[in-house]
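I opened the model today to look up a few things. My notes follow in the order I checked them.

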Amino acid sequence: MNCAVLFLRLFAGGTMLLHNIGKLQSYDEIVGSYPALPLLGQGGVFVVVAVAETLLAVLVMAGIRVRAASLVMAVGLAAAFLLRGPVAGRADFYQLGFYVFLAIAGGGFYAFDAARRRT
């Protein structure tokens, strides 16, 4: 089970990083789909979301605060999925499932948090 959780952590975090690379490469086409918030605008919201998703993905892959990071990712993905509806696609739905699982299971034996607890 610990190897399966490690694999899922690395897979979910890696796919989110690849997703963010794709978002950054197609910034001009995507930025218009983000809401404009006061003081941030669409570009600012895009940057905040991209940075948050990247940092959370790295935390999940490293095994640092996996439950909290996965819960934040799951809530964000659920909100995006609900707001966009069927346009969101299967990839967002799969990612949501990965992060819900990790929020429940935690980082497993091969996480930095687990190593810290063992010492």
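**Salt bridge.** I took a salt bridge as a side-chain nitrogen of Lys or Arg within 4 Å of a carboxyl oxygen of Asp or Glu. Side chains of opposite charge can pair when their charged atoms come close. I searched the whole structure and found one salt bridge. It joins Lys23 to Glu53, with 2.8 Å between the closest N and O atoms. Lys23 is in helix H1 and Glu53 in helix H3, so the pair ties together parts that are 30 residues apart in sequence. I named helices as DSSP runs (H or I, at least four residues; strands are E, at least two), numbered from the N terminus.

**Ground rules.** The model is predicted, so I used local features only at pLDDT of at least 70 and side-chain atom pairs only at pLDDT 80 or more, while totals for chains, interfaces and linings use all residues. Residues are numbered from 1 along each chain as its sequence is written, and side-chain values use heavy atoms, leaving out hydrogens and water.

**Burial of the pair.** Are Lys23 and Glu53 buried or exposed? My cut-offs were under 20% relative accessible area for buried, over 50% for exposed, and partly exposed in between (1.4 Å probe, protein chains only). Lys23 is buried at 5%. Glu53 is buried at 15%.

**Largest pocket.** Next I looked for pockets on a 1 Å grid over the protein atoms alone. A pocket is an open set of points where a 1.4 Å probe fits, with protein on both sides within 12 Å along at least five of seven lines; lining residues have an atom within 4 Å of a point. Grid points are joined across faces, edges and corners, and the volume is the space filled by probe spheres set on the points. The largest pocket comes to about 770 Å³. I counted 25 lining residues, with Tyr34, Val49, Glu53, Ala80 and Arg84 nearest the centre. H1, H3, H4 and helix H5 (89-105) each give two or more residues to this lining. H4 gives the most, seven residues.

**Helix H4.** I then checked two residues here, counting a contact as heavy atoms within 4.5 Å. Val66 is in H4 (residues 66-84) and is buried at 3%. Beyond four places in sequence, Val66 contacts several residues, including Arg9, Leu59 and Asp113. Val66 and Arg9 are 57 residues apart in sequence, with C-alpha atoms 8.5 Å apart. Ser70 is also in helix H4. Ser70 is buried, at 0%. With residues within four places set aside, Ser70 contacts Val60, Tyr99, Leu102 and Ala103.

**Start of H1.** Asn2 lies in helix H1 (residues 2-25) and is partly exposed at 35%. What does Asn2 touch beyond four places in sequence? I found Gly108, Phe109 and Tyr110. The C-alpha atoms of Asn2 and Gly108 are 5.4 Å apart, across 106 residues of chain.

**Loops.** Most residues other than glycine have a negative phi, and most peptide bonds are trans. I noted that Leu39, not a glycine, has a positive phi of about 75°. Leu39 sits in the loop between H2 and H3 and is exposed at 92%. Arg65 has a positive phi too, near 50°, and lies in the loop between H3 and H4.
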